Amino acid sequence: MTPCTDYKTAVRAYTEATGHEWHPRAALIDMDGTLYDSMPNHARAWKRLMHEQGIELSYEEFFLHEGRTGADTIDSLFRRELGRAATDDEKRDLYNLKTVYFQEQPPVNPMPGAAQMLSELEDNGIRRILVTGSGQSSLIGRLSTDYPGAFAVDDRITSRNVTHGKPHPEPYLRAMELAGTQPWESIVIENAPLGVESGVRSGAFTVALTTGPIPPETLADAGAHLVLPSMQALADILPKLLQEPEKNDQIIKSLNH
């Protein structure tokens, strides 16, 4: 599918498809590959872990699993590659080992443009909710330092808060419940196909960012309403994007008078 890269077209298409005018009050924001340039470290840790289980996969494949809980990732790969489900002990022990491998690597950097994006949301009165499939405490614990005041401790949905991880819509539905918003009052900010699918299935307006090796077409195929080349690109257009529904309302009112 050809990605939509124009925010005005994306907002109009969303309104036509859902039957609801989009008026965002909450931003539901992924962490890995969105707030932090952490996916290369995750991919290396997963590849090492799976190699030790006799499962040989490409480095790039692990970007496609982003958004799943650790247990779901292990079980999915075991079922596909070994022809059996992972046991509960394997899910727990292997994910703990993957966490060790992740922590052994150099610290990851905040994603360029993310601080500006969060500031623009705050300036426009948009509540910010973290929605991550990760339980990586070393990174979640950095949020208050790298993005002070952006995410209240109670405004975080992690793998520990859901029964079903991405691509199931539960993480984003839980975030909307937390924010007290409807889907058409929400914007999902993602960078991975499973996360995009989760956001779209929740009914929210979903923006996908190509911050890794996943091509824009794959994000569009997952249902992204708007696909942008970087977090910085989103930060730069965000003020106009958030004002677009208000402009549409003004046009409609002028036509009705």
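Which helix gives the largest share of the lining of the largest cavity? The largest share, 3 residues, comes from α2. The legends below concern a predicted model, in which local features need pLDDT of at least 70, side-chain atom pairs count only at pLDDT 80 or more, and totals for chains, interfaces and linings use all residues. Residues are numbered from 1 along each chain as its sequence is written, and side-chain values use heavy atoms, with hydrogens and water left out.

Figure 1. A search of the whole structure finds 2 cavities of 30 Å³ or more. On a 1 Å grid over the protein atoms alone, a cavity is a set of points where a 1.4 Å probe fits but cannot get out, whereas a pocket is an open set with protein on both sides within 12 Å along at least five of seven lines; lining residues have an atom within 4 Å of a point. Grid points are joined across faces, edges and corners, and a volume is the space filled by probe spheres set on the points. The largest cavity holds about 220 Å³ of space. Its lining comprises 19 residues, with H42, W46, E66, G67 and R68 closest to the centre. Helices α2, α4 and α5 each supply at least two residues of this lining; helices (H or I, at least four residues) and strands (E, at least two) are DSSP runs, numbered from the N terminus. By class, the lining divides into 4 nonpolar, 10 polar and 5 charged residues, where Ala, Val, Leu, Ile, Met, Phe, Trp, Tyr, Cys and Pro count as nonpolar, Asp, Glu, Lys and Arg as charged, and the others, Gly among them, as polar.

**Figure 2. The second largest cavity and T158.** The second largest cavity contains about 40 Å³ of space. Its lining includes G67, T69, T132, T158, S159 and K166, and its classes are 3 nonpolar, 7 polar and 1 charged residues. T158 is placed in the loop between β3 and α9 (170-179). T158 counts as buried because its relative accessible area is 9%; buried means under 20% relative accessible area, exposed over 50%, and partly exposed in between (1.4 Å probe, protein chains only). Not counting residues up to four places away in sequence, T158 touches T132, S134 and I140, contact meaning heavy atoms within 4.5 Å.

**Figure 3. The largest pocket.** This pocket has a volume of about 290 Å³. Of the 14 residues in its lining, T69, G70, A71, Y95 and S159 lie nearest the centre. Both α4 (70-81) and α5 (88-103) supply at least two lining residues, and α5 gives the most, with 5 residues. The lining is made up of 3 nonpolar, 7 polar and 4 charged residues.

Figure 4. The structure holds 5 aromatic pairs; rings of Phe, Tyr and Trp (its six-membered ring) pair if their centres lie within 6.5 Å, and planes under 30 degrees apart count as stacked, over 60 as edge-to-face and the rest as tilted. Y14 and F205 form an edge-to-face pair, 5.6 Å centre to centre and with 90° between the planes. This pair links distant parts of the chain, 191 residues apart, with Y14 in helix α1 (residues 7-18) and F205 in strand β5 (residues 205-209). Y14 is buried at 2% relative accessible area, and F205 is buried at 0% relative accessibility. The rings of Y36 and Y147 have centres 5.7 Å apart and planes at 65°, so this pair is also edge-to-face. Y36, in the loop between β1 (26-29) and α2 (39-52), and Y147, in the loop between α8 (143-146) and β3 (156-157), are 111 residues apart. Y14, W22 and F205 form one aromatic cluster. The charged end of R48 sits over the ring of Y101, 3.6 Å from its centre; the criterion is NZ of Lys or CZ of Arg within 6 Å of the ring centre and within 35 degrees of the ring normal.

**Figure 5. Packing of helix α9.** The buried residues of α9 are E170, P171, Y172, A175, M176 and A179. They pack against β1, β2 (127-131), β3, β4 (186-190) and α10 (193-202). G180, whose phi is positive, near 70°, follows α9.

**Figure 6. Surroundings of Q116.** Q116 is placed in helix α6 (residues 114-123) and is partly exposed, at 31% relative accessibility. Leaving aside neighbours within four places in sequence, Q116 is in contact with Q232, A235 and D236.
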